[in-house]
Amino acid sequence: MKSFLRFALAGCLAAAAGAAHADEAEFLRSFEGKFAGKGTVKVTTEAPTMNVSCRFNSDATSSSLSLDGTCRGLVVVTRAISADLKSSGTKYTGTYVGSRTGPAQLSGKRSGNAINLGIRWAREVNGDRTAQMTVEKNGEDGMRLTVIDVDPKTGERVVTSRIDLRRT
């Protein structure tokens with residue numbers, strides 16, 4: 001009887017893992033396409049907020065998401081931004097390029113319609129090498145990219161970038 005229970009439990013766990021992988025694949029593929037939108041960016045927690053307009057191409061597979069785009073602010077400032085994520089179940093790892101410090105490492109997990117990621121900058125930004133990034137599904141055809149850092153003087157969490165994008 002114990003062997004049957006173990007076999008049944010193993011079968012249930014395998015079925016749940018397969019369903020979770022299918023859900024994750026569907027979630028990732030929902031980000032596929034071309035996106036454009038606007039948002040705000042702060043170079044540091046103390047810097048003034050700059051309005052930006054952005055365009056992204058997003059490629060997705062059943063276990064990865066790649067965002068590649070540019071944001072333009074003040075007519076003359078353009079910055080290339082990209083993020084490459086790989087999933088293992090609901091856990092994610094990857095690389096973010098867009099900071100002036102160089103490529104940053106990403107790791108985190110999905111919660112509902114958002115991938116919540118810790119950022120490990122290549123060099124210190126705002127007094128340390130950590131921040132948070134969220135890649136959030138926003139309705140059927142939208143996504144929001146948000147980066148939050150801590151102001152070293154006040155200890156307050158500050159949104160250093162928030163970009164709302166719509167599928168074009």
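What volume does the largest pocket have? In this predicted model, the largest pocket has a volume of about 600 Å³. A pocket is an open set of points on a 1 Å grid over the protein atoms alone, where a 1.4 Å probe fits, with protein on both sides within 12 Å along at least five of seven lines; lining residues have an atom within 4 Å of a point. Of the 33 lining residues, Val41, Arg79, Tyr96, Gly98 and Ser161 are the closest to the pocket centre. The lining divides into 18 nonpolar, ten polar and five charged residues; Tyr and Cys are among those counted as nonpolar, and Gly counts as polar. Strand β4 gives the largest share, five residues. Strands are DSSP runs (E, at least two residues), numbered from the N terminus.

The structure holds one disulfide, that is, a pair of cysteine sulfur atoms within 2.5 Å. It joins cysteine 54 in strand β2 to cysteine 71 in strand β3, 17 residues apart. Their sulfur atoms lie 2.0 Å apart, and the link is right-handed, with 110° about the S-S bond. Both cysteine 54 and cysteine 71 are buried (under 20% relative accessible area, 1.4 Å probe, protein chains only).

The mean pLDDT of the chain (the predictor's confidence in each residue, from 0 to 100) is 87, and 86% of residues reach 70 or more. Over residues 2-21 pLDDT stays under 50. Where pLDDT is low, predicted coordinates should not be read in detail.

Residues are numbered from 1 along each chain as its sequence is written, and side-chain values use heavy atoms, without hydrogens and water. Local features need pLDDT of at least 70 and side-chain atom pairs 80 or more, whereas totals for chains, interfaces and linings use all residues.

Terms used: Points joined across faces, edges and corners; volume = space filled by probe spheres on them. Helix = DSSP H or I, 4+ residues; strand = E, 2+ residues; numbered from the N terminus. Contact = heavy atoms within 4.5 Å. Buried < 20%, exposed > 50% of the residue type's maximum accessible area, 1.4 Å probe, protein only.
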